Amino acid sequence: MNAYAGRFAGRSAVITGGASGLGLAVARRLVAEGGRVALWDLNPDQLALAANALGGAHTEQLDVSDAAAVARAADASAAALGTIDILICSAGITGATVPVHEFPLDSWARVIDINLNGLFYCCRAVVPHMLANGYGRIVNVASVAGKEGNPNASAYSASKAGVIGFTKSLGKELAGKGVIANALTPATFESPILSQLPPSQVEYMRSKIPMGRLGEAEESAAMILFMASEECSFTTASTFDTSGGRTTY
Ligand SMILES: NC(=O)c1ccc[n+]([C@@H]2O[C@H](COP(=O)([O-])OP(=O)(O)OC[C@H]3O[C@@H](n4cnc5c(N)ncnc54)[C@H](O)[C@@H]3O)[C@@H](O)[C@H]2O)c1
């Protein structure tokens, strides 16, 4: 029995990276709590599987680093869902795991393009729909890497620090307009993204977590759902933490 059944009744959400990991965990709970979702993702096979697992969902197969595709998807999702009340930006990649002086230029550019520029394109395209309704909740998924900096992950750390700064700016711009924007900074949790990293890097990140274990996607999803709910009414431009004690600020 879900204690929050009905919390998102009548609410519609766009979830980028919604076909996998944290985005899919958020989608599952939003639907379980009465909401409707549009999943945006690069991976068509995962999208089809995710929509099927949810018993049907509007999907948009796109690359969030393509600003024109993102703008088209925002209009299509608003038409399909009736409105967009909630935006969860979870799409992301890790990039290379090497020191700065060896970092491939193409990997740097791709990480910034997806994790930071793409997230900006999504917020830019969806905010007008929220302002038109005078209501919105935006959750941008950053990382503890954006606060602490992980060695050999400079592009990822920089992109996630950018997400935190961007969300502070966005939240302040929208304050008083009914649209609330916050960021999440998870420490490492179990998900397919970890297959992009050498096991030694995952072990390094686990060793930094005082609870001594990796998180679960569902633990970060639970925090995101609070930020996406009406109850999150006096916190904006802020950063919430799910890091097993790694970051305390
Ligand atoms: N798993 C972790 O340990 C961890 C920790 C901190 C932050 N995060 C962040 O959480 C978010 C979700 O990660 P996850 O662990 O669920 O990973 P995941 O790989 O399971 O999911 C990411 C999804 O984003 C999609 N995606 C990637 N590039 C895209 C693009 N250009 N356009 C559209 N979709 C794209 C992928 O297809 C995938 O479905 C990411 O932003 C990640 O950086 C993850």
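Visitor: How many cavities of 30 Å³ or more does a search of the whole structure find?
Guide: The search finds one. Before we go on, this is a predicted model, where local features need pLDDT of at least 70, side-chain atom pairs count only at pLDDT 80 or more, and totals for chains, interfaces and linings use all residues. Residues are numbered from 1 along each chain as its sequence is written, and side-chain values use heavy atoms, with hydrogens and water left out.

Visitor: What makes a space a cavity or a pocket?
Guide: Rolling a probe the size of a water molecule over the atoms shows where empty space is left. On a 1 Å grid over the protein atoms alone, a cavity is a set of points where a 1.4 Å probe fits but cannot get out, while a pocket is an open set with protein on both sides within 12 Å along at least five of seven lines. Grid points are joined across faces, edges and corners, and the volume is the space filled by probe spheres set on the points. The largest cavity comes to about 40 Å³.

Visitor: Which residues line the largest cavity?
Guide: Lining residues have an atom within 4 Å of a point; among them here are Thr16, Cys89, Ile114 and Leu119. Helix H4 (residues 105-133) gives the most, with five residues. Helices (H or I, at least four residues) and strands (E, at least two) are DSSP runs, numbered from the N terminus.

Visitor: What is the volume of the largest pocket?
Guide: About 890 Å³ of space lies there. Of its 45 lining residues, the closest to the centre are Ser90, Gly92, Ile93, Ile193 and Gln196. Helix H1 (21-32) gives the most to this lining, with three residues. By type, the lining has 24 nonpolar, 17 polar and four charged residues.

Visitor: And what about the second largest pocket?
Guide: The second largest pocket has a volume of about 180 Å³. Gly215, Glu219, Thr242, Ser243 and Gly244 are the closest to its centre, out of 14 lining residues.

Visitor: Why is Lys177 called partly exposed?
Guide: Buried means under 20% relative accessible area, exposed over 50%, and partly exposed in between (1.4 Å probe, protein chains only). Lys177 has 46%, so Lys177 is partly exposed. Lys177 sits in the loop between helix H6 (154-174) and strand S6 (179-186). Beyond neighbours within four places in sequence, Lys177 is in contact (heavy atoms within 4.5 Å) with Leu131 and Gly134.

Visitor: How do you know that strands S1 and S4 pair?
Guide: Two strands pair if DSSP finds at least two bridges between them. Strand S1 (residues 12-16) and strand S4 (residues 86-89) have four bridges, so they pair, in the parallel sense. Ile15 stands opposite Ile88 in S4.

Visitor: What makes S3 and S9 edge strands?
Guide: The open sheet has seven strands in the order S3-S2-S1-S4-S5-S6-S9, with parallel pairing. Strand S3 (58-61) and strand S9 (239-242) each have a single partner strand, so one side of each is left without a neighbour in the sheet.

How values were computed
Ala, Val, Leu, Ile, Met, Phe, Trp, Tyr, Cys and Pro count as nonpolar, Asp, Glu, Lys and Arg as charged, and the others, Gly among them, as polar.
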